[in-house]
Amino acid sequence: MHTDEDWMKLAIAEANMGLREAGGAEVGCVIVKNGRILQTSHNEVELRNDPTAHAEMVGIRELCAKFRIPHLKGCTLYCTLQPCGMCSLACVWAGISRIVYGATRAHVNSVYFETRHADTADFVRDCFRSDLEIRSGVLEMECSSLYAKPGGVAEDKSTPAHQPTE
Ligand SMILES: [Zn+2]
């Protein structure tokens, strides 16, 4: 029986793979159903020249394509970093049953989130499906260490957030 922590370790390994790959980035995702791993993915924004190629989006797209299905009901999506608004909503539309993430936006470098925006995990939890479970902070320290970059962590910027840097 695998725990959320076991799956998150695989997501961390996937994030490290993204870090090593040219055009990849350090966000890892694993999609699991009934104790079986169905898909692994990492951020491929620069690799694909696709701003929507976040780890979660890549995983959802590839898994749906692989099984030729338009939804992922009953699946749990693990991500090393709190899903952004786009990915949170993609999980809603995909019918994902659980979202489990490691690093929260409060514990990572501000480059990853625009602090003025609503916390979309809370937004999704409160405003969409009642059957969507969200768990945060799984292996948070290990996950957060992927996102501790020069410039400090969890800065509270009151000025407009910047775009992710190269
Ligand atoms: Zn995202």
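Q: What makes a stretch of residues a helix or a strand here?
A: Helices are DSSP runs of H or I with at least four residues, strands are E runs of at least two, and both are numbered from the N terminus. The model is predicted, and its chain has six helices and five strands. Their order from the N terminus is α-β-β-α-α-β-α-β-α-β-α.

Q: Where is Asn-49 found, in a helix or in a loop?
A: Asn-49 belongs to the loop between α2 and α3. Asn-49 is not a glycine, yet its phi is positive, at about 50°.

Q: What makes Ala-53 count as buried?
A: The cut-off for buried is 20 or more other C-beta atoms within 10 Å. Ala-53 has 21 C-beta neighbours inside 10 Å and therefore counts as buried. Ala-53 also lies in the loop between α2 (45–48) and α3.

Q: Which residues is Ala-53 in contact with, leaving aside neighbours within four places in sequence?
A: Contact requires C-beta atoms within 7 Å. On that basis Ala-53 is in contact with Asn-43, Glu-44, Val-45, Arg-48 and Val-58. The C-alpha atoms of Ala-53 and His-42 are 8.6 Å apart, with the two residues eleven places from each other along the chain.

Q: How do you know whether Leu-139 is buried or exposed?
A: Leu-139 has 22 other C-beta atoms within 10 Å, so it is buried. Leu-139 sits in the loop between β5 and α6 (140–145). Leu-139 is not a glycine, but its phi is positive, about 50°.

Q: What share of the chain is buried?
A: Of the 166 residues in the chain, 39% are buried.

Q: What makes a set of residues a nonpolar core, and which residues have the most contacts inside the largest one?
A: The set must consist of buried Ala, Val, Leu, Ile, Met, Phe, Trp, Tyr and Cys residues joined through C-beta atoms within 7 Å. The largest such core has 39 residues, and Ala-11, Leu-77, Tyr-78 and Cys-79 have the most contacts inside it. Two or more residues each come from α1 (4–20), β1 (25–33), α3 (55–67), β3 (76–81), α4 (85–94) and β4 (98–103). β1 gives the largest share, six residues.

Q: Which residues does Leu-77 touch, not counting those up to four places away in sequence?
A: Leu-77 touches Cys-29, Ile-31, Glu-56, Cys-91, Ile-96 and Ile-99.

Q: How do you know that β1 and β2 pair?
A: Two strands pair if DSSP finds at least two bridges between them. β1 and β2 have seven bridges, in the antiparallel sense. One of these joins Gly-28 to His-42 in β2, and another joins Cys-29 to Ser-41 in β2.

Q: In which sense do β3 and β4 pair, parallel or antiparallel?
A: β3 and β4 pair in the parallel sense over five bridges, and Thr-76 stands opposite Arg-98 in β4. β4 and β5 also run parallel, with three bridges; Val-100 has Arg-135 in β5 as its bridge partner.

Q: Why are β2 and β5 at the edges of the sheet?
A: The five strands form an open sheet with mixed pairing, ordered β2-β1-β3-β4-β5. β2 (36–43) and β5 (133–135) each have a single partner strand, so one side of each has no neighbour in the sheet. From one strand to the next, the twist averages 15°.

Q: Why is β4 described as largely enclosed?
A: Five of the six residues of β4 are buried, so the rest of the structure largely encloses β4.

Q: How do you know that the span of α3 is close to the expected one?
A: The expected span is 1.5 Å times one less than the number of residues. For the 13 residues of α3 that gives 18 Å, and α3 reaches 18 Å from its first C-alpha to its last.

Q: What do the buried residues of α3 pack against?
A: They pack against β1, β2, β3 and α4. Among them are Met-57, Ile-60 and Leu-63. α3 lies across β1, β2 and β3, at about 135° to β2.

Conventions
Residues are numbered from 1 along each chain as its sequence is written. This is a predicted model: local features need pLDDT of at least 70, side-chain atom pairs count only at pLDDT 80 or more; totals for chains, interfaces and linings use all residues. A residue is buried if 20 or more other C-beta atoms lie within 10 Å of its own, exposed if 12 or fewer, and partly exposed in between; C-beta atoms are placed from the backbone. Two residues are in contact if their C-beta atoms, placed from the backbone, lie within 7 Å. Axes are lines fitted to C-alpha atoms, for helices over the stretch in contact, and angles run from 0 to 180 degrees between N-to-C directions.
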